[in-house]
Amino acid sequence: MQAATFNSFSAPTETPQDVLWMNAAASALLVAAIGLLLAAGVTKLTRLPYFNLHKVQLEGDLQRNNVATVRANIVPRMHGGFFNVNLGRSREVFESVPWVRKAVVRRVWPNELRVVLEEHRPAAYWHHEDREDQLVNSYGEVFDANLGDVEDEHLPTLEAPLNPTAGEAKAMLDMLQRLKPVLAPLGEIDTLKLTERGSWSVELDNDATIELGRGGLEEVLARADRFVRTLPELKRQYPAPLAHADLRYPEGYAVKLRGLTTLQEGQKAPVIKKPVVAKPVAAHSAPANNKPSSSTR
């Protein structure tokens with residue numbers, strides 16, 4: 001009797017392993033089926049006409065483009081609804097518009113896109129061996145544009161060396177912006193040129209040219225500043241307008257002045273073609289005998 005009672009409370013029979021695997025597989029299939037149904041439902045939901053893009057809001061300080069024109073030309077090229085529109089592709093489409101430098105595109109619930117456009121701000125013409133139809137913006141970036149749009153803005157020109165490197169435009173724009181206030185007493189900079197050997201020169205709006213020589217930004221600026229500060233001392237003796245200056249001398253500079261001759265009054269002779277040598281005021285020196293001499297590099 002006791003034995004029978006003991007057997008009635010023995011442990012239940014263990015479920016076979018293959019049955020456990022089948023139950024697990026069935027559960028996994030059920031979860032997958034539910035997931036597929038949910039995905040299909042969400043996909044169908046996102047494709048409802050309610051979520052189609054009904055509005056594209058354009059923002060930004062636009063001076064070269066008209067908002068209505070941009071919207072009319074670009075919006076028809078955009079595809080998809082709120083959930084499946086490709087923001088990267090949309091950004092590229094907006095940035096393909098002339099004068100647009102950058103576009104930031106984001107979704108606005110439930111069926112709107114908001115686009116902030118930033119336009120290029122032209123700072124100079126960009127010329128090099130291959131092209132003369134590009135501009136440099138205020139960030140030192142080269143971009144394509146219709147030059148007729150800026151023909152009344154009197155932009156300076158940056159003449160780059162052959163095969164300009166990445167960042168060359170930014171370096172030249174920095175030099176231009178730093179040189180402008182330094183050379184302002186002599187005139188406005190019309191052209192800034194950089195040669196393949198790294199030598200800088202400028203042409204002013206009064207046709208005067210200045211050879212600044214090679215060197216880094218601060219070195220060239222110091223050379224130009226020394227010239228501008230000491231030129232009045234020379235012009236007290238030679239008041240003619242400046243035609244050309246060569247600042248590539250270590251302790252002075254050479255200048256050529258318009259209309260300056262070495263002959264006495266009444267004699268016929270062409271304007272001299274050799275530059276006057278001058279040194280900074282700090283040296284308290286001037287060309288000897290009041291006659292122009294030349295110095296070549």
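Let me begin with a definition: helices (H or I, at least four residues) and strands (E, at least two) are DSSP runs, numbered from the N terminus. The model is a predicted one, in which local features need pLDDT of at least 70 and side-chain atom pairs count only at pLDDT 80 or more, while totals for chains, interfaces and linings use all residues. Residues are numbered from 1 along each chain as its sequence is written, and side-chain values use heavy atoms, with hydrogens and water left out.

The chain contains 6 helices and 13 strands. Of its 297 residues, 35% are buried, where buried means under 20% relative accessible area, exposed over 50%, and partly exposed in between (1.4 Å probe, protein chains only).

What is the size of the largest nonpolar core, in residues? It has 40 residues, and L158, L179, L183, V202, I210, L212 and F227 have the most contacts inside it. By a nonpolar core I mean a set of buried Ala, Val, Leu, Ile, Met, Phe, Trp, Tyr and Cys residues joined through side-chain atoms within 4.5 Å. At least two core residues come from each of several elements, including β4 (122–127), α5 (168–183), β8 (189–194) and α6 (217–237). Helix α5 gives the most, with 8 residues.

Consider L158 in particular. Leaving aside residues up to four places away in sequence, L158 touches A124, Y125, W126, H127, V136, A169, M172, L173, L176 and L192; contact here means heavy atoms within 4.5 Å. Apart from this core lies another, of 16 residues, with V56, V93, A103 and L117 among them.

I turn now to the backbone. The peptide bond from W109 to P110 is cis, with omega near 0°, and P110 lies in the loop between β2 (100–108) and β3 (112–119).

Two residues other than glycine have a positive phi: N163, at about 50°, and D207, near 75°. N163 is located in the loop between β7 (157–159) and α5, whereas D207 is found in the loop between β9 and β10. Are these residues buried or exposed? N163 counts as exposed because its relative accessibility is 64%. D207 likewise counts as exposed, because its relative accessibility is 54%.

Finally, a residue in a helix: L38 belongs to α2 (residues 17–46). L38 also counts as exposed, because its relative accessibility is 56%.
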